[in-house]
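User: Could you help me look at some aromatic rings in this model, and take it slowly, please?

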Amino acid sequence: MKAPTEILSCDVLVIGGGGAGCRAAIEAARCGNSVILVNKFPIGRSGTTITAMITYTGTMGQLGICPDDGPDVLFWDVVRGGHRLGNQDLIEVFCRGARDTVLELDSWGMKWDRVDGKFTATRLPGQTYPRGNHRDAITGMMMQRVLCEQVRKHENIRVIDNLMVTKILEDAGRAAGAVALDIASGQFLTFHAGSVVLATGGAGRLYKVTSMPEDARGDGFALAYRAGATMMDMEFQQFYPTCVVFPTSVRGVMVPGAIVYPQGARLINSLGEPFMHKYDPIRKEMATRDMMSRGMALEIAAGRGGTHGGVFIDCSKVPDLVAKHPKSFGLFKSIGMESFDRIEVAPGAHFSIGGIQINPFCESNVPGLYACGEVATGMHGANRCGGNALAETQVFGRIAGEQAAAFARYNAKTDFCEEDVDKEIARVRSFLTGESKETPKELICELQELMYKNAGLIRSEESLLNTLNQLVDLKARASDVKAGGGEKYNLAWIDAIDLQNMIQIAELICVSALQRKESRGAHFRLDYSEPDDTFLKHFCITLDKQDGRTITSTPVIRTREEVES
């Protein structure tokens, strides 16, 4: 074996340094385990948690402004908001645990906004009561800061930044560690672990328009899939309705529509007409994100969009915009935008609802491999309700860390195959010497255009099959892509590795979307435009290393009888 630069050993390896990963590492460390937390870029300054602006779901009872709210009300809001496809075991866990995580973060120094001593909250579409706790308009950033401080307090957590994990190592079907590339040095490391937690976030960067940061490329999905984990509900990719499309310098920045509509903002087409009443007559602009995005996409497709492919949000009548929303409107003003009466917006990829199938212990079907946060799936069903993402990282991050620690404690470490390490290093290094004249970045842009056009908000059998055919060609071209340059901090090399993962994830999305011959939540098909309860089930894909992928379906887990809304 050509030994990698370094072999590191730990009880629990956590991959991903956002909200879910930090929370998992903290819990595993509290259980007395040695933990290594690796992150693709600097912890606290990368990932999707810091991009979350406002709300964190938590039913605070008498501690908040809505004492009538509670876990049971939240439960049915999540079930209905997910179009009855959510795993109710997971929803139960979430609804019972969210409040505790608010209080725990508070005890760690998270300064939640309060009114007269009570937790204040914003009401978002799909919520019976206001329950979106917040800290100014930078809730995610402040939460991440608090979590990073807690991570640093634990001597048994080692944090390693600038590491890209490229393979989960296995032994007899069990997760045993990982291979990673040190981005700064270009050297490889091997991790020998008792258990592995994936907390790598979503794959918003598969699409041309997205609110997600550059590193949201879905590494964890590809890692898990190649390790044998079951991927579920991959057809459901949530789009945030109002992402700026022009000017291009701020493309993808979210306009907080659900917050400003009650203050007088309007959503209009290129003719100056409000249109959401045609797609959701009762809720109109206060519809859930899936319905808002669908209505906008159909309006654009009908030729009533702007010159840059969007519709418009008119915020001219909303007072104190810049002061209330400095992250968005303050940014727009800083680049010279003087009027807020016709901001061109379009739906942008915002959250990967599908992902690694987990149970209430955050276990995947691969022993020793756990998942939490956006990379995992089951709770949201066909649509994620606003405010649930941040709370999900903490509720399930805590469980994943605790359970991964228990697995490592009660199961002796197993050895991994050294030949697997050699093969993985050779595979990754091959992208430095490929012979293609196309750059990895060019192919990534081509993939993003393809997915946004054919497998984004509006899909059909024709568009999905066309996309799969083009992905075959793209995969062939990507296999010989050349990053060029040296091994140290070569971002083109990272692009080349990411490209392979992104194409694989795109295939899973298209294959899953073909199975679901209906429209439900974040999945809309022109050829099957209505929901069909015969498809009230999950589609699962597992890599069969002998015969390719296996596609199965599984019923929705229900814990309660459905009641009338």
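User: Is Phe275 buried or exposed here?
Analyst: Phe275 counts as buried, since its relative accessibility is 0%, where buried means under 20% relative accessible area, exposed over 50% and partly exposed in between, with a 1.4 Å probe and protein chains only. This is a predicted model, in which local features need pLDDT of at least 70, side-chain atom pairs count only at pLDDT 80 or more, and totals for chains, interfaces and linings use all residues. Residues are numbered from 1 along each chain as its sequence is written, and side-chain values use heavy atoms, with hydrogens and water left out.

User: And what about Tyr279?
Analyst: Tyr279 is partly exposed, at a relative accessible area of 22%.

User: OK, rings now: how many aromatic pairs are there?
Analyst: There are ten aromatic pairs, counting rings of Phe, Tyr and Trp (its six-membered ring) whose centres lie within 6.5 Å, with planes under 30 degrees apart called stacked, over 60 edge-to-face and the rest tilted. In one of them, Phe239 and Tyr452 have ring centres 6.2 Å apart and planes at 50°, so this pair is tilted.

User: Where do Phe239 and Tyr452 lie?
Analyst: Phe239 is in strand E12 (residues 237–244) and Tyr452 in helix H12 (residues 440–454), so their pair ties together parts that are 213 residues apart in sequence; helices (H or I, at least four residues) and strands (E, at least two) are DSSP runs numbered from the N terminus.

User: Which residues form a cluster with them?
Analyst: Tyr207 forms one aromatic cluster with Phe239 and Tyr452.
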